[in-house]
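Colleague: I have a structure to learn from. Can we go through it in short steps?

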Amino acid sequence: MPPPSVGVLLPRDLPAHRVLEHARRAEALGFDELWVVEDLGFRGGAAQAAAVLAATERIHVGIGIVPAAARDVAFAAMDAATLARLFPGRVTFGVGHGMPDWMRSVGAWPARPLTYLEAYTRALRALLRGERVTTAPDAPVVLDGVALDPSSVPDVVPDVLLGVRGPRSLAAAGRVADGVVLAEPCAPAYVRAAVEHVAAPGTRVVTYDVAAVDDDRARALDVARPGLAWVGEPDWSPHVAPLPFAADLAALRARSASPAAFAAALPDAWVRELALAGTPVDVRERIAARGAAGATSCVLFPTGPDPVAALEALARVR
């Protein structure tokens, strides 16, 4: 099995005037991939991807993820196809459920989220292949003879990955998508469990992880620790459940006054498992372990006061 590609995440709150600087620096440092996120209230995924693709020449850009129910599938296909036509072979389009609270706050949480996501993904991939799609009037996703114009159908069809967590959603990804995007943290045990649920040999598995690299291991762990503040919250339980210290972690969160206090109290051994943090050798070993568990791309989430400056240290693991 080849080693995983190494990518970097574009932080959602990076000041706008530094976005293109971040993308160009990531490419110059030799990262294979750059991933952008679409979180409610921050920046749009397709808009960010278009900007950083235009500002770079080589780096592969992934959108991880677009919440499916927030964007009509035909118009999502137009976004994905436009990017793929303009930048062939450099785009991956991720979709998912979206965070339930966010989706409910904008009135876009489907009655049957998994059924909707499966139908959406099938339709999206068919449209990107140039097919004309018609569904039943009562289908979760309704299309009536919709197709992309031939001038818009991409020569290189972008992969569609599902950003999902739960076992049933991961299994759905194995049926209808080209792979999965796994949110942080992605300890090897979690990656292995997710791959088993996907049950589709050869599928792409993109992992996100909080990352910090320093010749001083303790300093790297301290920089990464605040990025794990939310790991003890209920939405992250699938990531933690396969780990041998899952019960102890839940107990620590229960007695911590806040996510920040929880993160500050995390033992170093847990931080090493839950993040890509340590010396360059440490982090290379942890990336290899994720690859052995099934990851095809490891995406590093820069931490510390200056995410652009952090890229220099992260690039040492390549």
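This is a predicted model: local features need pLDDT of at least 70, side-chain atom pairs count only at pLDDT 80 or more; totals for chains, interfaces and linings use all residues.

Colleague: Which strands does the salt bridge between Asp-159 and Arg-204 tie together?

Modeller: The side chains of Asp-159 and Arg-204 meet at 3.0 Å, N to O. Asp-159 lies in strand S5, residues 159–163, and Arg-204 in strand S7, residues 204–213. The parts are 45 residues apart in sequence, so the pair ties together S5 and S7.

Colleague: Of these two, Asp-159 is partly exposed. Is Arg-204 buried or exposed?

Modeller: Asp-159 has 26% relative accessibility. Arg-204 has a relative accessible area of 17%. Buried means under 20%, so Arg-204 is buried.

Colleague: How many residues apart in sequence are the parts tied by Arg-18 and Asp-306?

Modeller: These side chains meet in a salt bridge of 3.0 Å, N to O. Arg-18 lies in the loop between strand S1 and helix H1, and Asp-306 in the loop between strand S9 and helix H14. So the pair ties together parts whose separation in sequence is 288 residues.

Colleague: How many disulfides are there?

Modeller: A disulfide needs two cysteine sulfur atoms within 2.5 Å. The sulfur of Cys-298 is 8.2 Å from the closest cysteine sulfur, in Cys-186, too far for a bond. By this rule the disulfide count is zero.

Colleague: Are Cys-186 and Cys-298 buried or exposed?

Modeller: Cys-186 has a relative accessible area of 0%. Cys-298 also stands at 0%. Under 20% means buried. So Cys-186 and Cys-298 are both buried.

Colleague: Which strand holds His-60?

Modeller: His-60 is buried, with a relative accessible area of 16%. His-60 touches residues including Asp-32, Gly-89 and Thr-92. Residues 60–67 make up the strand that holds His-60, strand S3.

Note on methods
Residues are numbered from 1 along each chain as its sequence is written. Side-chain values use heavy atoms; hydrogens and water are left out. Helices (H or I, at least four residues) and strands (E, at least two) are DSSP runs, numbered from the N terminus. Buried means under 20% relative accessible area, exposed over 50%, partly exposed in between (1.4 Å probe, protein chains only). Contact means heavy atoms within 4.5 Å. A salt bridge is a side-chain nitrogen of Lys or Arg within 4 Å of a carboxyl oxygen of Asp or Glu. Lists of a residue's contacts leave out its neighbours within four places in sequence.
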